[in-house]
Structures are given as C-alpha cells and as structure tokens.
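I begin with the structure itself and then take the entries one by one.

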Amino acid sequence: MSVSDEDQRAIRPIEDGVQRDFSAAMSYGDYLGLDQLLSAQHPRSVPPQHDELLFIIQHQTSELWLKLMLHELRSARSLLASDDLAPALKRMARVKHIQRTLTDQWSVLATLTPSEYAEIRPFLATSSGFQSWQYRAVEFLLGNKNADMVKVFDHDEAARAMLAELLAEPSLYDEFLRYLSRRGYAVPADLLERDFTQPYRFSEALVDTFAGVYAAPHEHWGVYETCEELVDIEDNFQLWRFRHLQVVTRTIGHKKGTGGSSGVDFLRRALDLTFFPELYAVRARV
C-alpha cells in the first residue's frame, strides 16, 4: 500500500447529502444564537488573567441550567395543578439530571486555587452569586419563600416582578398537597388555604397522611413515587449547596463574600433549610 493510499483511508469524505450552503438556510450557529452566546464573556481583569474566563463560563452555564430548571419546575407545577401526574414526574426526573450536572460543574471551578482566584476577585467588585435571581426563583418554586430576597432585585424591574409573582404563587409542594387533597388524602385545610408568600411550616398531621402512603406503597404508587421524586430533588439541592460550600472554603476560606455576606458561614446555614419537611419526618414512621 502506498503512502497516498494510507492518506486517502485516513480522510473521511463528506457525504453528498450533507448541507454545505447556508447563505439561505439555517445553520447550527444560527439556531443556537452562537454569535451572541460566545460573545457574552467579558473579562474585566487588568492586566488580563487567564482564569477569569473559567470563572465567567462556570457561572454563565450555571445560569443556563437554572433557566431550564425553572422551565421544568413551572411545567411540573402546572401539570400537578391539572391532575396530570405522569408528565409531572417526567419533568421532576429531568430536574434531577440538571441538578447533577450543576453539582458536577463545581469540580471545574475547584481547579481554581486561592492564589489564582485572588488575581480576579477584585474585578468582581460587589457582584455575587447571591444576586442570582434565577437561583432565588428556583428556591421560591420549591418553597423557600423569603420576601426580603425580592428587595435585593429592586435594581432589576423584570427580575423583581418575576420573583414577586413566584412569592405569591403556590410552590411545587403546595400544588402537590392540593393534588393530594383532590384525590381524597387528608391534607390540613390550613395548608391548602395558607398565605403562599410565607415560608412553609411543618405539619404533624401531614406526616400522618404520608405515613399511610409509605405503609402501603403499592396502594398509593403514584403518590408514593412523587414523594420520592421530591426527596430526590431536595437531596440533590443539598448536595449542590454542600459542594458549593466546599469549593468556596477551599478557594477563599472564611473571607467575606464579594456581595457582603459572611461567605462560608452564610452558605453553611443554608444546609439547615428544607423544602419538604414531612417527607423526611415520615421516615421515622416507616
């Protein structure tokens, strides 16, 4: 075999049917808006620091995944409200995969050493992940309501309006409890008629209801499965929080956050928050 024959075998020819002319046809880049997406990174360090692009892309991709998570959670909530449980469970399953991707992403940022981060930190000024309105929207949808958080976004009319709307609306868990009530499960009336702008409060009576579900899962399979999907979502959320805490700890130690928070201590307190308390309390009854 000649060298030229080997060279020919190494080349994979483009098939005749492959689109080549995009002068009047939509391309991959057109569909995804790659011109805008790939030009949205604006490092601010002077002189330029190599690792700033990592920091920017890490957080921009997180915001894209949060956007998709909001899309799926809103849909799951709407489907529960219309008693359409099967597709709601599909949405929740997708949310869990998004959460795992977000958690895995921390391993990329963890390659940023304290010395490397110190080179770019001054250029963040007062910006901070604490100011992510999409993250707050996810928390509101899952039930961690805090009206004071809405005020953080007074500078952004659209974000503030969206959070104020979610604050007043039922969470995913609230809609699940409404679904249960319509199916004949004993759900305390005060949970169904509560002020949704307020944080959810634990109900011992609801634990009794869930205890009945867990005592005979095959008789309540759809509800039982939904309970476990919700627990999975909360577990994943806590893993994300913990991984965030660990990355911040290894990168800045106990310094204050750029947005003014106490940093590591603030993040550690978030680990005590829970979305679905009765679904954990019922474990002691099984």
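I call a residue buried under 20% relative accessible area, exposed over 50%, and partly exposed in between, with a 1.4 Å probe and protein chains only. The model is predicted, so I note that local features need pLDDT of at least 70, that side-chain atom pairs count only at pLDDT 80 or more, and that totals for chains, interfaces and linings use all residues. Residues are numbered from 1 along each chain as its sequence is written, and side-chain values use heavy atoms, with hydrogens and water left out.

Entry on Ala 125. I looked up its backbone and found a positive phi of about 55 degrees, although Ala 125 is not a glycine. Ala 125 lies in the loop between α6 (114-120) and α7 (133-142), where helices are DSSP runs of H or I with at least four residues, numbered from the N terminus. I list Ala 125 as exposed because its relative accessibility is 52%.

Entry on Asp 83. Here too I found a positive phi in a residue other than glycine, near 60 degrees, and I placed Asp 83 in the loop between α4 and α5 (85-109). Its relative accessibility is 32%, so I list Asp 83 as partly exposed.

Entry on Pro 47. I found the peptide bond from Val 46 to Pro 47 to be cis, with omega near -5 degrees, and Pro 47 sits in the loop between α3 (34-38) and α4 (52-81). I recorded these entries because most residues other than glycine have a negative phi, and most peptide bonds are trans.

Entry on Met 26. I located Met 26 in the loop between α1 (3-10) and α2 (28-32), and list it as exposed because its relative accessibility is 60%.

How values were computed. Helices (H or I, at least four residues) and strands (E, at least two) are DSSP runs, numbered from the N terminus.
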